[in-house]
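Dear colleague,

Please find the structure below for your records. My findings follow it.

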Amino acid sequence: MSNEYKEWQKLCEEHHTARDAVNEALGPVNQKFSAFADGKPQTNPSIQELNRLDKAWKRWENVKRKMEEFIKKHCKAWKLKKHSG
């Protein structure tokens, strides 16, 4: 297996883990905001819930940035696109 493939696989695993963390952190926040639609008393997410979501979101964004950098570095089609327009 090439080093590039191993690096890409690692990035994919990181992406999967980070995306799952966002979904997990989003659950309690979404649940509290969905109460608005049901006309229930407005319970805002706690600062801990929002911080957990923010941390997970930033980690996911960082992994996506690393994946984009990998693609720009290794993908010939990306390089052709860059030069053509």
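Helix α2 covers residues 47-74, 28 residues in all, where helices are DSSP runs of H or I of at least four residues and strands are runs of E of at least two, numbered from the N terminus. From its first C-alpha to its last, α2 reaches 40 Å, close to the 40 Å expected at 1.5 Å a residue (the expected span being 1.5 Å times one less than the number of residues).

The model is predicted: local features need pLDDT of at least 70 and side-chain atom pairs pLDDT 80 or more, while totals for chains, interfaces and linings use all residues. Residues are numbered from 1 along each chain as its sequence is written, and side-chain values use heavy atoms, with hydrogens and water left out.

The buried residues of α2 are Glu49, Leu53, Ala56, Trp60, Val63, Met67 and Phe70; buried means under 20% relative accessible area with a 1.4 Å probe, counting protein chains only. Their cover includes α1 (3-34), judged by contact, that is, heavy atoms within 4.5 Å. Across the protein, 19% of the 85 residues count as buried.

The protein contains three helices and zero strands, in the order α-α-α from the N terminus. Its radius of gyration is 19 Å, well over the 12 Å that the globule rule gives for 85 residues, so the protein is more spread out than a compact globule. That radius is taken over C-alpha atoms, and the rule is 2.2 Å times the number of residues to the power 0.38. Along the principal axes, the C-alpha atoms fill a box of roughly 55 × 35 × 20 Å.

Kind regards

Technical notes: Buried < 20%, exposed > 50% of the residue type's maximum accessible area, 1.4 Å probe, protein only.
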